[in-house]
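Student: Could you take me through the salt bridges of this model in detail, with the criteria spelled out as you go?

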Amino acid sequence: MENKTPVISQMPSRRGTYAFMEDIFEFMFPVEISAASKQEERNENEKRLITNLSKIIAPLFSNDKTVSDHLAQKFFSEVSSLRQMLLSDAELFLASDPAANGPEEIIIAYPGFYAITMYRISHFLLLQGIPILPRLISEIAHSRTGIDIHPGATIGHPFFIDHGTGVVIGETTFIGNFVKIYQGVTLGAMAVKQQTKSSKRHPTIENNVVLYAGACILGGNTVVGHDSIIGGNVWLTNSVAPYSVVTHKADIHIRDKSELNDTINFII
């Protein structure tokens with residue numbers, strides 16, 4: 001029997017999407033200041049990117065060029081607003097991380113900033129009714145940064161993710177303004193069931209909240225009130241009032257080695 005490779009129709013090009021992500025990031029935040037000042041060159045780059053985005057979108061709408069061109073133009077009409085929002089994110093990074101030496105370093109080198117940039121792009125595309133592509137963008141960003149933000153999440157600004165590895169933000173999460181998240185934080189659902197798809201499954205994080213490393217906050221009815229601090233490794237499934245401080249108290253016993261009567265043999 002002949003084995004045939006399945007052909008998936010009406011899907012965006014993964015390679016084309018990855019290239020577009022790199023190009024749009026450099027377009028929004030050009031490395032060379034002189035290049036940004038050359039308006040003619042920038043206009044040409046914008047035209048090229050609009051064409052590329054239209055080509056990526058087209059298979060999702062039965063190759064209707066009128067629809068894909070319109071959606072690509074709509075995205076680029078909002079690029080300036082997205083950039084300003086991201087610059088405010090970068091300012092919160094700078095204010096929150098003493099290791100940061102300037103917004104340029106944050107933009108070019110911080111995985112949290114890259115993940116937020118790709119989230120804001122994918123979220124906008126999702127709101128325009130574009131299927132699949134927003135999720136593909138989020139997954140490529142996830143593979144690059146270790147930060148998994150579903151494009152359906154609603155995230156205010158400015159927003160700060162430090163270190164970022166292992167952060168998971170679910171589809172129906174709501175995050176307010178001036179929120180700070182550290183590595184390993186999960187904003188997830190209480191249960192993974194297809195029947196709950198249309199309901200709010202993920203928590204609400206109000207303004208000015210800090211979520212420290214390893215915190216796990218679950219459930220669509222769970223609300224973390226504004227100006228609260230959630231400590232490291234906290235498991236939270238109930239709402240907390242504004243200005244709360246929630247910590248995890250580990251049951252740790254420390255004793256001197258001389259108290260050990262039995263020999264400890266390590267076998268590796």
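**Salt bridges, pair by pair**

Tutor: K65 and D69 lie four residues apart in helix α4 (residues 65–77), so about one helical turn separates them; helices here are DSSP runs of H or I with at least four residues, strands are runs of E with at least two, and both are numbered from the N terminus. The model is a predicted one, in which local features need pLDDT of at least 70 and side-chain atom pairs count only at pLDDT 80 or more, while totals for chains, interfaces and linings use all residues. Residues are numbered from 1 along each chain as its sequence is written, and side-chain values use heavy atoms, with hydrogens and water left out. The side chains of K65 and D69 form a salt bridge at 2.8 Å, N to O, the term meaning a side-chain nitrogen of Lys or Arg within 4 Å of a carboxyl oxygen of Asp or Glu. By this rule the count is seven salt bridges. K65 is exposed, at 56% relative accessible area, whereas D69 is partly exposed at 27%, where buried means under 20%, exposed over 50% and partly exposed in between (1.4 Å probe, protein chains only).

Another of these pairs is E22 with R144, whose side chains meet at 2.7 Å, N to O. This pair links distant parts of the chain, with E22 in helix α1 (residues 14–28) and R144 in helix α8 (residues 133–145), 122 residues apart. E22 is partly exposed at 24%, and R144 is partly exposed at 45%. R48 and D23 also form a salt bridge, at 3.4 Å, N to O, which joins helix α3 (residues 39–57), holding R48, to helix α1, holding D23, across 25 residues.
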